[in-house]
Amino acid sequence: QVQLVESGGGLVQAGGSLRLSCAASGRTFSIYAMGWFRQAPGKEREFVAAIWSGGSTYYADSVKGRFTISRDNAKNTVYLQMNNLKPEDTAVYYCAADKKMIITGPYDYWGQGTQVTVSS
């Protein structure tokens, strides 16, 4: 069982930056694939980024070049650095984990989400 807790969301102006964190419980964090997803009001949840246990990273086209996913296995934490934010990035952002090396899912474990709002 893995528990995930996101933090770092907030309100930012367009063009600004935020860094989301996802802290995971458990001693086997390093073996998990970790993903970030987001869900805007009235829309389906969508894949944002993923990072595998070996460090390979994957991104949705909409965030490529602006967002960076990383992990610190010593801290059981995965990060999402978001730069040049746009109003269309406004959503609740969720962290996910799975023992399988997957990209868009389905993931077994999910956090509760953190709100990101980008004003124009």
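Hi everyone, let's start with the sheet: four strands form an open sheet in the order β1-β3-β8-β7, paired antiparallel. Strands here are DSSP runs of E of at least two residues, numbered from the N terminus, and two of them pair if DSSP finds at least two bridges between them. β1 (4-7) and β7 (67-72) are the edges, each with a single partner strand, so one side of each has no neighbour in the sheet.

A word on the model: it is predicted, so local features need pLDDT of at least 70 and side-chain atom pairs pLDDT 80 or more, while totals for chains, interfaces and linings use all residues. Residues are numbered from 1 along each chain as its sequence is written, and side-chain values use heavy atoms, without hydrogens and water.

Back to the strands. β3 (residues 18-24) and β8 (residues 77-82) share six antiparallel bridges, with serine 21 opposite tyrosine 79. Between β1 and β3 there are four bridges, also antiparallel, and leucine 4 faces alanine 24 there.

Now the rings. How many aromatic pairs does the whole structure hold? The search finds six, counting Phe, Tyr and Trp rings (six-membered for Trp) with centres within 6.5 Å; planes under 30 degrees apart are stacked, over 60 edge-to-face, the rest tilted. Tyrosine 32 and tyrosine 109 have centres 6.3 Å apart and planes at 70°, so they are edge-to-face. Tyrosine 32 is in the loop between β3 and β4 (33-39) and tyrosine 109 in β10 (residues 109-110), so this pair ties together parts 77 residues apart in sequence.

Finally, Phe37, Phe47, Tyr107 and Trp110 make up one aromatic cluster. Thanks, folks!
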